[in-house]
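Hi,

Here's the model I said I'd pass on.

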Amino acid sequence: MQDDFKIDVVQHFFQNLAPKIKDQVKINGYIGDTKVHSRKPFDQFNALNELFNKAVQAEYQLNRESNNIKEIMNSHSTFMAIPSVNVSTAEKAIKSYKETKTLNCWGCGGDHSWWSAQLQKVVCPKADDPAAQANAAARFNAFKEKRQKRTDNKKKKKRIETIFTEVLTGVDADDDEAIRN
Ligand SMILES: [Zn+2]
């Protein structure tokens, strides 16, 4: 006849499960952790086997749920792009870095700005040169077009975001739009 176990292996196994799995096992109706188990090896193995199967099932459920969430997030990459303060701050920093790195005068092509946004005036030393003025005008028009396109894209993106947020939370689209604006 085999000796009884010195510890309750079933309890030990349960207590050492990852907290998420422990919770899921309980949600699934496991009550073995509230019982005092017989320490006889046969009973311990049976009880342990039952708990082990429940733990595997719980882990499978949790993985399936987290995979579903990952899939939703991947198929809606805009979800990841919902604006936050940090993102816009980083964007601004990158933009100003790029601007200082690639200074290229719209008028004469020199290593300075044609227009100073800070001073609100043309700062190119060749500002009076008609050729420089023509260049700057052409570059400004191209810039305006590009900016318009960017604005259109932003509007499109915002619409997709709104739809997705609506699906996720059931929030009324108009309310949501009002919160954002
Ligand atoms: Zn210049």
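Below is what I found in it.

First, the housekeeping: this is a predicted model, so local features need pLDDT of at least 70 and side-chain atom pairs count only at pLDDT 80 or more, while totals for chains, interfaces and linings use all residues. Residues are numbered from 1 along each chain as its sequence is written.

The chain has 6 helices and 2 strands (DSSP runs numbered from the N terminus: H or I of at least four residues for helices, E of at least two for strands). In sequence order they go α-α-α-α-β-β-α-α. Of the 181 residues, 10% are buried (20 or more other C-beta atoms within 10 Å of the residue's own; 12 or fewer is exposed, in between is partly exposed, and C-beta atoms are placed from the backbone).

Now the cores, meaning sets of buried Ala, Val, Leu, Ile, Met, Phe, Trp, Tyr and Cys residues joined through C-beta atoms within 7 Å. The largest has 7 residues: Val 10, Phe 14, Val 25, Ala 47, Leu 51, Ala 55 and Ala 58. Helix 1 (9-15) and helix 3 (41-75) each give two or more of them, with helix 3 giving the most, 4 residues. Beyond its neighbours within four places in sequence, Ala 55 is in contact with Leu 17, Ile 21 and Val 25 (contact: C-beta atoms, placed from the backbone, within 7 Å). A second, separate core of 6 residues includes Cys 105, Trp 114, Ala 132 and Ala 136.

Lastly, Gly 109 sits in the loop between helix 4 (85-101) and strand 1 (115-116). Gly 109 is partly exposed because 14 other C-beta atoms lie within 10 Å. Its C-alpha is 8.6 Å from that of Ala 132, 23 residues apart along the chain.

Cheers

Technical notes: Contact = placed C-beta atoms within 7 Å.
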